[in-house]
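Try each task yourself, then follow the solution step by step.

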Amino acid sequence: MPPKFKRHLNDDDVTGSVKSERRNLLEDDSDEEEDFFLRGPSGPRFGPRNDKIKHVQNQVDEVIDVMQENITKVIERGERLDELQDKSESLSDNATAFSNRSKQLRRQMWWRGCKIKALMALVAVTLLLVIIILLVVKYRT
């Protein structure tokens, strides 16, 4: 079956193909334009200025790297400070507990010492009483 519509080449078609060729060329050039905007101008007329821009851009990149490192270090320092604060609080709690326990132990030892002294005094008094009673009984007879 033959096609229903035939395509005839006329001047419009030729101009259309020229337009499409121009469009293709522009699309190919668009990569260069994008590069121009991404990388900046290049070429003989932009040479010294371009070097200055590259130099400044390199300095900016170095500053960005340094600042990123500094931010990382500050974050790490903050984490270490948090850990140190936790350890300090723990140490303070342990010191308070130790102090309370040592006071309690000191009291216990003081009472133990008092009990031992009282027991020794009781033994001494009992011994003296026994000796005195034995002497009194011996001389009374």
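This is a predicted model: local features need pLDDT of at least 70, side-chain atom pairs count only at pLDDT 80 or more; totals for chains, interfaces and linings use all residues.

**Exercise 1: A charged patch**

- Step 1. Pick out aspartate 93, which sits in helix 2.
- Step 2. Its relative accessible area is 52%, and exposed means over 50%, so aspartate 93 is exposed.

**Exercise 2: A nonpolar patch**

Task: Which residues make the nonpolar surface patch, and is leucine 122 buried or exposed?

Solution: 
- Step 1. Leu119, Leu122, Val123, Leu127, Ile131, Leu135 and Tyr139 make this patch of about 730 Å².
- Step 2. Leucine 122 belongs to helix 2, which covers residues 47-140.
- Step 3. Leucine 122 counts as exposed because its relative accessibility is 52%.

**Exercise 3: An annotated span**

Task: What does UniProt list for residues 116-137, and how far apart are the end C-alpha atoms of that span?

Solution: 
- Step 1. The unreviewed UniProt entry lists residues 116-137 as "transmembrane region".
- Step 2. In the model, the end C-alpha atoms of this span are 31 Å apart, and the span is 100% helix and 0% strand.

**Exercise 4: The whole chain**

Task: How many helices and strands does the protein chain have, and what share of its residues is buried?

Solution: 
- Step 1. Count two helices and zero strands.
- Step 2. Of the 141 residues, 2% are buried.
- Step 3. The accessible surface is about 14000 Å², with 61% belonging to carbon and sulfur atoms.

Conventions
Residues are numbered from 1 along each chain as its sequence is written. Side-chain values use heavy atoms; hydrogens and water are left out. UniProt positions are given in the numbering used here, feature names are shortened, and annotations may be inferred rather than shown by experiment. Helices (H or I, at least four residues) and strands (E, at least two) are DSSP runs, numbered from the N terminus. Patches are made of residues with over 30% relative accessible area and no salt bridge: like charges are joined within 9 Å, nonpolar side chains (Val, Leu, Ile, Met, Phe, Trp, Tyr) within 5 Å. Accessible areas come from the Shrake-Rupley method with a 1.4 Å probe; for residues, only the protein chains shown count as cover. A salt bridge is a side-chain nitrogen of Lys or Arg within 4 Å of a carboxyl oxygen of Asp or Glu. Buried means under 20% relative accessible area, exposed over 50%, partly exposed in between (1.4 Å probe, protein chains only).
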